[in-house]
Amino acid sequence: MAYVAVKGGERAIDNAHAWLAEARRGDPAVADIGTDQIAQQLGRAVDRAMAEGSLYDRDLAALAIKQAQGDLIEAAFLLRAFRTTLPRFAASLPLETGAIRPLRRISAVFKDLPGGQVLGPTTDYTHRLLDFSLTDGTPPPAAPLTAAEPEAMPRVHDILGREGLIEPDAPDGAEPGDLTREPLAFPAGRDLRLQALARGDEGFLLSLGYSSQRGYGNNHPFIGEIRMGEVAVEIEPPELGFAIEIGDLVLTECQMVNQFGGSKTTPAQFTRGYGLAFGQGERRAMAMALVDRSLRAAELGEDATAPGQNAEFVLGHCDNIEATGFVEHLKLPHYVDFQSELETLRRIRAESL
Amino acid sequence: MSLDLPGFADPVADAHATFRAVLDALAHPGRVQLAGTGLRPPAPLMPATAALLLTLVDVETPLWLAPDFWPAREWIVFHTGASPIDDPARAAFAVAATLSDFEGFSAGTDEAPETSATPIVQIAGFGVGQRLRLSGPGVRGSATLHADGLPPDFPALWAANHALYPRGVDLVLVAGEALVALPRSVRVERA
Amino acid sequence: MTEGYNFAYLDEQTKRMIRRALLKAVAIPGHQIPFGSREMPLPYGWGTGGIQVTAAVLGASDVLKVIDQGADDTTNAVSIRRFFAKTAGVRTTTHTAEATVIQTRHRIPERQLRDDQIIVYQVPMPEPLAKLEPSRTETRKMHALADYGAMYVKLYEDITRFGHVSISYDYPVMVNNRHLMSPSPIPAFDNPKLHMSAALQLFGAGREKRVYAIPPLTPVNSLDFEDHPFRATRAPHSCGLCGSDTSYLDEVVTDDRGGRLFCCSDTDYCEGRRQSATAE
């Protein structure tokens, strides 16, 4: 046998890519899927790719999902690699989620409240029965619309805050950091922690948040409020000196009300956990809010013993682009190192026999 | 006005050439490298100093200028985007024409010695003046550096910096289009 | 060259950031410098750190060689070489002697490197203490204090258990008698080549966001004990293709009855020897 191992790598790569393109397209007798169809009809996949890809662009996310054959981590990676080369023109003003144009708003801590409970397009109370009518493209019946009177929708946390029952969330005025420009160092401020969680892997956040509910981290949360809807993005160009609107984002925000904090000097108060996700990302926003609260253990004077309370552990492993890269790199050739292990093992065995 | 004076003719290639010059100079303490050939920066910036600033400094880099360099400030700000700071202790890069000591600059911390400053100091010339013997990483045995315009007690000054290792500043000496770099890891004695 | 992207892919501001980090890395041999590692169009683990370092170092007149496992034609080496040929338009080579910049994964070429060459290592885990102490906050303190006792204890435990240090690759080294450093997952066989090398050696870890360096002519010692000195080992065979009995060997399984071919892992070295043998 000749030594062929991986000779002809270049042709092999070209051929693999051609095969991949063919496999992606599938049976040419079946209609090609349009990115507009993905953007419209696979909205939750688009939302997740945008969140983990750290780029709000539904059309590009749809393209990434198509290119990745629906592999959402791969799609997020495509968006990240695109995002990293984009020039930065401006930083937006903080988004005013209090002025969200809500598609959904629920609170678990009050039966009713100003602005009301708005269920919105939720799966919460669907029965999980496969709906075979979806296979033949039957259009759904029209959803009844009642023109609701626009009513102010104050934040639940502000309602609690008026009585001093929950810790204030005053901005400290400092410019938030950006972990895509400067590597994380520990201890990391809450700004950077939230940034890392906002683009972290949904499954990882979900499991960690879950672990904190099961006793690994002692979280006792209530959903103060979840709101999902459109928010305006504003920038303030220095040459203008006033804010201008440059577009809208659909966001999901989750504010958790957590166990008391307090000390001899500060009266007992509820504490906060915060989650924010691009698009309709309720599971992600809730999990993020649980993990955010867990990571505040040290600052709130709690014992930090659970994995979800260890910022270095959580932030070091929540990024699925990093995680998948390092896990998957094991399939690259490692035969040189393996050879060195073989020789060491053979020597040790020879000497011990 | 100094803004009329151009920066690099080819920003990508010239920045690359300057970086490789200073990288090679740091990797081989005492070796003279050329940078900024053809640049005509405003006084008192020498071409190699100007090239180093255009290559390494931008809006993310705290830069300190000794008062003698304020006439070149506008040019530096225009071409690099940096805004010079008042406190030399916060500087990542500093430009000066004389050197009394390194104490005003950050030597980094034990955990982050890389946060120390890199002073760029313009001197009269290489090949003449004080004879210094260099040894350490990048030097086979020892090397001799002739530098004109360093303070007479430079070996003692440097010894104090080297003693902080792995903390300490890294120094780039410039004379016209020539530069020599002294990383903190190098030992300097009177030759 | 690819339209719409800067020379060597990275924008100039990113290159400046990496270049500043590299200068500090050269000034503090073996010390890991945090840098704002960017997301690259290749996955983490495929050499994004090495690629960023190469992109910051590479110029139009450079000649680039890329190897993986010592070979120029392994798939990942081919892919990275193509990336730079496409984004930087630089000349590439498979000949170690012709290259001015060599990016490598897991090997150091057999041919001695020169003063005018730069070798860039792809590094998965820059922290040599990570297997003893997973917290980077703690390992940073250990480096600050040069507190490397735990590593010596680990090596000593190996010796009591196996009679040898059992680390076969990524064997920890002390650089400039001060910093404990991961040489990247090169076989321990290659460690002596790190010591007093004429070439500048740069290390890039993209996912872990660290760069570090060994300047030329810098002492690099593999950790050992007086009564158990470090030994560089290779398969006890000659290359089945060129006959070399000093080069590092790959072991190729040729059949299912125990058949093996041992041949040089450094394909350029092996081909060079075979060519000069034919010429004689």
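Start in chain C and select β4(C) and β5(C): they run parallel, joined by 4 bridges. Two strands count as paired here if DSSP finds at least two bridges between them, and the elements themselves are DSSP runs numbered from the N terminus, helices being H or I of at least four residues and strands E of at least two. For a landmark in this pairing, pick C:V101, whose bridge partner in β5(C) is C:I118.

Before moving on, some housekeeping. This is a predicted model, where local features need pLDDT of at least 70 and side-chain atom pairs count only at pLDDT 80 or more, while totals for chains, interfaces and linings use all residues. Residues are numbered from 1 along each chain as its sequence is written, chains are lettered from A and ligands numbered from 1 in the order in which they are written, and side-chain values use heavy atoms, with hydrogens and water left out.

**The sheet in chain C**

Stay on β4(C), residues 101-105. All 5 of its 5 residues are buried, so the strand is largely enclosed by the rest of the structure. Buried means under 20% relative accessible area, exposed means over 50%, and partly exposed lies in between, using a 1.4 Å probe and protein chains only. Show the side chains: C:V101, C:Q103 and C:R105 point one way, C:I102 and C:T104 the other way, and all are buried.

Next, bring in β8(C), residues 200-205, which pairs with β5(C), residues 118-122, in the parallel sense over 5 bridges. Look for C:Q122 there, with C:G204 as its bridge partner in β8(C).

Zoom out and colour the whole sheet. What is the order of the 7 strands in this open sheet of chain C? Reading across, you get β1-β9-β8-β5-β4-β2-β3, with mixed pairing. The edge strands are β1 (33-34) and β3 (91-92), each pairing on one side only.

**Over to chain B**

Select residues 171-175 of chain B, which make up β7(B). All 5 of the 5 residues are buried, so β7(B) is largely enclosed by the rest of the structure. Both faces are covered, with B:L171, B:L173 and B:A175 on one side and B:V172 and B:V174 on the other.

Which strands flank it? One partner is β4(B), residues 118-122, running parallel to β7(B) with 3 bridges; click B:Q122 and you'll find B:V174 standing opposite. Another is β8(B), residues 178-182, which runs antiparallel to β7(B) with 5 bridges. B:A175 has B:A178 as its bridge partner in β8(B). The hairpin of these two strands has 2 residues between them, and B:G176 takes a positive phi near 65° there.

Next select helix α2(B), residues 47-56: 10 of its 10 residues are buried, so the helix is largely enclosed by the rest of the structure. Among the buried residues are B:P47, B:A51 and B:L54.

**Aromatic stops**

Rings of Phe, Tyr and Trp (its six-membered ring) pair if their centres lie within 6.5 Å; planes under 30 degrees apart count as stacked, over 60 as edge-to-face and the rest as tilted. In chain B, show B:F102, B:F154 and B:W158, which ring pairs link into a cluster. Over all chains, the count comes to 12 aromatic pairs.

For one of them, go to A:Y56 and A:F278: the ring centres are 5.1 Å apart and the planes at 85°, so the pair is edge-to-face. A:Y56 counts as partly exposed at 23% relative accessibility, and A:F278 counts as partly exposed at 23%.

**Last stop: all of chain A**

Show chain A as a whole, and you have 12 helices and 4 strands. Its C-alpha trace spans about 80 × 60 × 55 Å along the principal axes, and of its 353 residues, 39% count as buried.
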